[in-house]
Amino acid sequence: VFAFLCLRFVLASVVLVVLFGGRLRLLSPRMWGAGIAIGFFLFGGYALQTLGLQHTTSSKAGFITGLSVVIVPALSAILLRRLPEKPALLGDLLSTVGLALLTLGRDLRPTIGDALVLGCAACFALHIVAVSRFAPRTDALALTVVQVAAVAIFSAIATILLGEWQPPPQPVMGAAAFTGVLATALAFAVQNSVQSWTTATHTALIFATEPVFAGIFGFWFA
């Protein structure tokens, strides 16, 4: 898993450096640090989710990961001093109920895997809040380059420590290229750019539609 993440984020980093590498000179040392921190939160989300899935079901993991939509408003209020609007809080509640209906089965007993995935949700929430904090204060695309490159480096370290690296077969390279260019380079460049114009809570609510799109594409492709 970490080898795939490494490959995906390395490819995404190459694309972003080619497109926006010249913007890196616009970042102050503080914003370089912010980009690395944002990348660490993002990597932490992937890492804890991967570890948690070894000890819990994918359906429960999907629901718990989606709880980031609830964690983001709380973190925004504490860290950004931004209280969410009442309609946004209602949206959080409805999203949580919807995620439960989409994903949860009968087995609701908590496990160590559930705790790890909850840490994953917290990391993803921190990622959204951190982007809201720093993207409006600097060049958002340059921040994206640092963020994605940081995830690539953290994934490479995990791959080496766990001894996961092996030459990827052709289908894996295709999947890494697809997710690296579209789901990583393009997606995070867009997120960092447009989050300057909206709140972290609204961003989390939009992300809560991910299971809906996953269901639609799963039906179309499968």
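Phe207 is partly exposed, with a relative accessible area of 38%. Phe207 belongs to helix 9, which covers residues 200-207. The structure is a predicted model. The chain contains 10 helices and 0 strands. The points below cover the overall fold, the aromatic contacts, the salt bridges, the nonpolar surface patch and some local features.

**Overall fold**

- Along the sequence the elements follow the pattern α-α-α-α-α-α-α-α-α-α.
- The radius of gyration is 17 Å, close to the 17 Å that the globule rule gives for 222 residues, so the chain is as compact as a globular protein of that length.
- The C-alpha trace spans about 50 × 45 × 35 Å along its principal axes.
- Buried residues make up 44% of the 222 residues of the chain.

**Aromatic contacts**

- The whole structure holds 7 aromatic pairs.
- Tyr46 and Phe124 form an edge-to-face pair, with 5.7 Å from centre to centre and 85° between the planes.
- Tyr46 lies in helix 2 and Phe124 in helix 6 (residues 112-134), so this pair ties together parts that are 78 residues apart in sequence.
- Both members of the pair, Tyr46 and Phe124, are buried.
- One aromatic cluster is formed by Phe2, Phe40, Phe43 and Phe154.
- A charged side chain also meets a ring: Arg133 lies over the face of Phe134, at 5.5 Å from the ring centre.

**Salt bridges**

- Side chains of opposite charge can pair when their charged atoms come close.
- The whole structure holds 2 salt bridges.
- In one of them, the side chains of Asp139 and Arg23 meet at 2.6 Å, N to O.
- This bridge links distant parts of the chain: Asp139 is in the loop between helix 6 and helix 7 (140-162), Arg23 is in the loop between helix 1 and helix 2, and the two are 116 residues apart.
- Asp139 counts as buried because its relative accessibility of 16% is under the 20% limit.
- Arg23 has a relative accessibility of 33%, so this residue counts as partly exposed.
- A salt bridge also joins the side chains of Lys60 and Asp114, at 2.9 Å, N to O.
- Lys60 is in helix 3 (residues 58-66) and Asp114 is in helix 6, so this bridge too links distant parts of the chain, here 54 residues apart.
- Lys60 counts as buried at 6% relative accessibility, and Asp114 counts as buried at 8%.

**Nonpolar surface patch**

- Leu102, Val212, Phe213, Ile216, Phe217, Phe219, Trp220 and Phe221 make a nonpolar surface patch of about 960 Å².
- Helix 10 (residues 210-221) gives the most to this patch, with 7 residues.
- Phe219, one of the patch residues, is placed in helix 10.
- Phe219 is exposed because its relative accessible area of 68% is over 50%.

**Helix 4 and the residue after it**

- Helix 4 covers residues 68-80, and its buried residues are Ser68, Val69, Val72, Pro73, Leu75, Ser76 and Leu80.
- An α-helix has 3.6 residues a turn, so residues three or four places apart point the same way.
- Arg81 follows helix 4 and has a positive phi, near 60°.

Conventions
Residues numbered from 1 in each chain as written. Predicted model: local features only at pLDDT ≥ 70, side-chain atom pairs only at ≥ 80, totals over all residues. Heavy atoms only, no water. Phe/Tyr/Trp six-rings, centres within 6.5 Å; stacked < 30°, edge-to-face > 60°. Helix = DSSP H or I, 4+ residues; strand = E, 2+ residues; numbered from the N terminus. Buried < 20%, exposed > 50% of the residue type's maximum accessible area, 1.4 Å probe, protein only. Lys NZ or Arg CZ within 6 Å of the ring centre and 35° of its normal. Patch = residues over 30% accessible without salt bridge, like charges linked within 9 Å, V, L, I, M, F, W, Y side chains within 5 Å. Areas by Shrake-Rupley, 256 points an atom, 1.4 Å probe, with all protein chains shown as cover. Salt bridge = Lys/Arg side-chain N within 4 Å of Asp/Glu carboxyl O. Rg over C-alpha atoms; globule rule 2.2 N^0.38 Å.
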